[in-house]
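Look over the sequence and the model before reading on.

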Amino acid sequence: MIKVSICVLKRKNKILISSRPKPKVYSGFYEFPGGKLERKEFLLDALRREILEELNIHINLSKVFHLKSYTVKRGNQRISLNFFLCTCWKGLIRKRENQKIQWVTISQINDFKMLISNKKFVKFLESSFNYFSSM
């Protein structure tokens, strides 16, 4: 089982999505930033590390909220996706992995080619729009 921590960065009424850069698998598709846990790493530790590595910011873990978790299968692998909302961070966002980033509203997110594994979470965001907007 591969565990992944994923961050939904929220600023005003927009959330950040990023493209998968070349030569990664599914390059050009959009996703929420984050990545795989390292051996013996906790979800929030991985989230903090991955966001620093990808976007050069320090997330405030006291302002991080768990939103949803589920498992997907890719071939013979099972991947545990763990989505968190972050509303507070320090530093300026800088692309560190040659990815594209976009600030989008929830209603705009389907205008982008999102990873299939994120579709269930996007539906969750759409159905939770009023609650999500108040955070």
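Among contacts in the chain between residues at least 6 apart in sequence, what percentage join residues at least 24 apart? The answer is 67%. This is a predicted model, and the values below are computed from it.

**Fold and order of elements**
- The chain holds 3 helices and 9 strands.
- Read from the N terminus, the order is β-β-β-β-α-β-β-β-β-β-α-α.

**Overall dimensions**
- The chain has 135 residues and a radius of gyration of 14 Å, which agrees with the value near 14 Å that a compact globule would have.
- The C-alpha trace spans about 40 × 30 × 25 Å along its principal axes.

**Burial and surface**
- Of the 135 residues in the chain, 43% are buried.

- Searching the whole structure for cavities of 30 Å³ or more turns up 1.
- The largest cavity has a volume of about 40 Å³.
- Its lining consists of S18, S19, R20, P21, K24, E31, E54, E97 and Q99.
- By class, the lining of the largest cavity divides into 5 charged, 3 polar and 1 nonpolar residues.
- Pro counts as nonpolar, so P21 in the lining is the nonpolar residue there.

Methods. Residues numbered from 1 in each chain as written. Predicted model: local features only at pLDDT ≥ 70, side-chain atom pairs only at ≥ 80, totals over all residues. Heavy atoms only, no water. 1 Å grid on protein atoms, 1.4 Å probe; cavity = no way out; pocket = protein on both sides within 12 Å on 5 of 7 lines; lining within 4 Å. Points joined across faces, edges and corners; volume = space filled by probe spheres on them. Helix = DSSP H or I, 4+ residues; strand = E, 2+ residues; numbered from the N terminus. Rg over C-alpha atoms; globule rule 2.2 N^0.38 Å. Buried < 20%, exposed > 50% of the residue type's maximum accessible area, 1.4 Å probe, protein only. Contact = heavy atoms within 4.5 Å.
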